[in-house]
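My notes are below the picture.

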Amino acid sequence: MTDLLEELEWRGLVAASTDREALAAHLAQGPVTFYVGFDPTAASLHIGHLVQLMLVRALQERGHHPLLLVGGATGLIGDPKMSGERKMNDESVVAGWVESIKAQVGKYVDLDGPNAARIVNNYDWTSRYNAVEFLRDIGKYFSVNRMLARDVVARRLDSGISYTEFSYVLLQSLDYAELHKQYGCSLQTGAQDQWGNITAGAEFIRRTTGDVVHGLVTPLLTKADGTKYGKTESGTVWVDPELTSAYAFHQFFLNAEDSKVIDYLKIFSPRSHEEIDELERQTREEPWRRAAQHALADDITDLVHGPQQRRAAQDAGKALFGRGELADLDAGTLAAVATEIGATSLDGEQMPTVPEAMALAGVVESNSAGRRAVAEGGAYLNNVKVTDADRRLTGEDFLHGRLALLRRGKKTVGGLTPRH
């Protein structure tokens with residue numbers, strides 16, 4: 001059997017770890033209880049969090065025991081970020097997010113069986129401390145000098161950082177210590193920007209118990225230009241279908257850059273080394289086929305939304321460009337398509353002609369350009385060629401009452417939604 005740590009490294013799931021040889025030996029000795037934390041600073045996880053859950057799945061599949069921590073306490077504060085102080089959310093809002101995140105993380109792991117995952121909430125133990133106990137029992141083990149040297153703190157010193165965010169590392173270290181005490185947890189995983197918190201927790205356990213525990217962090221999920229995907233960056237891709245539809249999700253990964261698609265496949269796809277190596281060859285030698293992008297989009301959409309929604313997303317993608325039946329798409333998928341293509345809402349009393357509709361939808365520059373498109377045979381309404389430039393839209397042209405699709409030629413599409 002392939003060494004687990006080697007497999008994780010090949011998958012691109014290891015950016016750094018505490019002593020590698022010691023960690024490899026620890027994982028090889030038998031079932032290890034490990035944990036990863038998710039702070040509920042929004043109602044949904046995003047694809048950056050999904051990297052952590054793929055690591056959890058890989059470890060659980062090898063017999064290790066996951067603890068999935070949802071930060072009911074730390075979510076009230078938020079880990080310091082480079083760009084500035086986080087907004088403090090109301091306790092009732094965070095409590096609702098806790099329940100939402102619990103439901104989401106439970107989808108990606110096995111909650112039954114001999115190495116079932118357990119979902120825990122750090123509010124359960126953090127809330128038992130009063131201020132004096134916290135400062136005496138936890139704070140005395142942390143050097144202010146070392147805390148000031150942390151990268152995110154050092155960068156925030158000029159602009160300012162509150163004591164609340166400055167102290168976040170103490171709370172996360174307490175989490176590791178508490179899970180070590182309760183469940184024998186001996187490995188914490190997380191994203192690369194959690195390295196300082198994870199090593200601080202391991203040091204806190206060593207100083208208070210003498211026990212050696214471990215840490216492992218994954219690389220941040222980035223685009224080709226090096227910017228990361230996350231809640232605070234543009235282009236957030238959520239795992240909640242109410243926030244990012246299956247269609248939009250599938251399209252996002254279909255558009256993955258050639259330079260990143262294999263990295264994403266290794267992380268998110270269950271395909272074998274041999275299959276991914278072959279997709280890498282095709283990307284290099286036949287990039288126009290976009291075989292790796294199709295494999296990635298299908299696999300990750302199956303994971304997050306399920307095969308049925310993935311098939312609906314595929315059908316929508318084909319139908320959008322005349323390679324499938326628009327009428328076969330369900331109302332929800334059509335609504336997602338309308339959102340994704342930026343469909344324009346009609347106003348005014350009179351229905352537009354097809355050339356006017358094409359201009360309103362942005363597929364041509366003007367009404368006259370729309371008339372030329374009709375004359376040249378390149379104008380389509382709901383994938384049906386339009387030959388009469390004076391033909392007006394009717395209510396029946398809005399499929400499921402939601403969307404009229406306009407297309408010029410093979411690739412330029414837009415849409416109109418009915419007036420409300």
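These are my entries, in the order I looked things up.

**Layout.** I kept in mind that this is a predicted model. I looked up the domains and found domain 1 at 4-220, domain 2 at 224-305 and domain 3 at 331-419. I then checked how far apart domain 2 and domain 3 sit: their centres, taken over C-alpha atoms, are separated by 30 Å.

**The annotated motif.** The unreviewed UniProt entry lists residues 40-49 as a short sequence motif, the 'HIGH' region. In the model, I get 30% helix and 0% strand over residues 40-49, with 11 Å between the end C-alpha atoms.

**Val36.** I found Val36 in strand 2 (residues 33-38). Val36 counts as buried because its relative accessibility is 1%.

**Helix 15.** I counted 12 of the 15 residues as buried, so the helix is mostly covered. Among the buried ones are Ala292, Leu296, Asp298, Asp299 and His305. Asp302 is partly exposed, at 25% relative accessibility. Asp302 makes a salt bridge with Arg310, with 2.8 Å between the closest N and O atoms. Arg310 itself is buried, at 15% relative accessible area.

How many does the structure hold? I have 16 in my notes. One of them joins Asp390 and Arg371, with the closest N and O atoms 3.3 Å apart. Asp390 is in the loop between strand 9 (384-385) and strand 10 (404-408), while Arg371 is in helix 19 (residues 367-375), so this pair ties together parts 19 residues apart in sequence. Asp390 is exposed at 52%, and Arg371 is partly exposed at 40%.

Salt bridges with shared partners also link Glu278, Arg281 and Glu285 into one network. Within it, the side chains of Arg281 and Glu285 meet at 2.7 Å, N to O. Both lie in helix 14 (residues 273-285), 4 residues apart, or about one turn. Arg281 is partly exposed at 27%, as is Glu285 at 44%.

**Surface patch.** Last, I noted a nonpolar surface patch of about 240 Å², made by Val144, Leu148 and Leu157. Leu157 is in the loop between helix 8 (151-156) and helix 9 (163-166). Its relative accessibility is 47%, so I logged Leu157 as partly exposed.

Technical notes: Residues are numbered from 1 along each chain as its sequence is written. This is a predicted model: local features need pLDDT of at least 70, side-chain atom pairs count only at pLDDT 80 or more; totals for chains, interfaces and linings use all residues. Side-chain values use heavy atoms; hydrogens and water are left out. UniProt positions are given in the numbering used here, feature names are shortened, and annotations may be inferred rather than shown by experiment. Helices (H or I, at least four residues) and strands (E, at least two) are DSSP runs, numbered from the N terminus. Patches are made of residues with over 30% relative accessible area and no salt bridge: like charges are joined within 9 Å, nonpolar side chains (Val, Leu, Ile, Met, Phe, Trp, Tyr) within 5 Å. Accessible areas come from the Shrake-Rupley method with a 1.4 Å probe; for residues, only the protein chains shown count as cover. A salt bridge is a side-chain nitrogen of Lys or Arg within 4 Å of a carboxyl oxygen of Asp or Glu. Buried means under 20% relative accessible area, exposed over 50%, partly exposed in between (1.4 Å probe, protein chains only). Domain bounds come from an automatic or database domain assignment.
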